[in-house]
Amino acid sequence: MTFTVTYVERDGGPTRLCLVGELDVSSAPQLNAVIDRLAAAGERRLLVDLTDLTFCDSTGIAVFVRGDNRAAAEGGWLRVTGASGRVERVLKVTGLADVLGYAADDPPVTDRPGIG
């Protein structure tokens, strides 16, 4: 399955990243690159929408932790939302649901103009 990352930058609000597909060892570098590019551009608050993410392995979890650590070092944060099924279970079992402020009931993104 193809993995894609799109993002919506909001004036005064967090940048919302939307993940689609499977986040694993082959796709994690793509997400890392987007997070690095946004951080270099001064983005410090990232909300990662997992509504359309169907799979996440330990490599994907590591990307979330790395992204949060990088943002926190600059006074920001990375949060996740919208997970369901296996992805939600992974977040809860690993404890990242609490650490990354996971909220299953946040509304999904309906506009996705920026391509990462």
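**Close-ups of a helix pair and a cavity**

The structure holds one cavity of 30 Å³ or more. Here, a cavity is a set of points on a 1 Å grid over the protein atoms alone where a 1.4 Å probe fits but cannot get out. This is a predicted model, with local features needing pLDDT of at least 70 and side-chain atom pairs counting only at pLDDT 80 or more, while totals for chains, interfaces and linings use all residues. Residues are numbered from 1 along each chain as its sequence is written, and side-chain values use heavy atoms, with hydrogens and water left out.

**View A. Inside the largest cavity.** About 40 Å³ of space sits in the largest cavity, counted as the space filled by probe spheres set on the points. Its lining (residues with an atom within 4 Å of a point) is made up of Ile-35, Ala-39, Glu-43, Leu-46, Gly-67, Arg-70 and Ala-71. H1 and H2 are the elements that give two or more residues to this lining, and H2 brings the largest share, three residues.

**View B. H1 alongside H2.** The axes of helix H1 (residues 28–40) and helix H2 (residues 58–73) come within 10 Å and cross at roughly 10°. That makes H1 roughly parallel to H2, a label for angles under 35 degrees.

**View C. Where the two helices touch.** On the H1 side, contact (heavy atoms within 4.5 Å) is made by Ala-28, Leu-31, Asn-32, Ile-35, Asp-36, Ala-39 and Ala-40. H2 answers with Thr-59, Val-63, Phe-64, Arg-66, Gly-67 and Arg-70.

Methods. Axes are lines fitted to C-alpha atoms, for helices over the stretch in contact, and angles run from 0 to 180 degrees between N-to-C directions. Helices (H or I, at least four residues) and strands (E, at least two) are DSSP runs, numbered from the N terminus. Angles under 35 degrees count as roughly parallel, over 145 as roughly antiparallel, 65 to 115 as roughly perpendicular and the rest as oblique. On a 1 Å grid over the protein atoms alone, a cavity is a set of points where a 1.4 Å probe fits but cannot get out, and a pocket is an open set with protein on both sides within 12 Å along at least five of seven lines; lining residues have an atom within 4 Å of a point.
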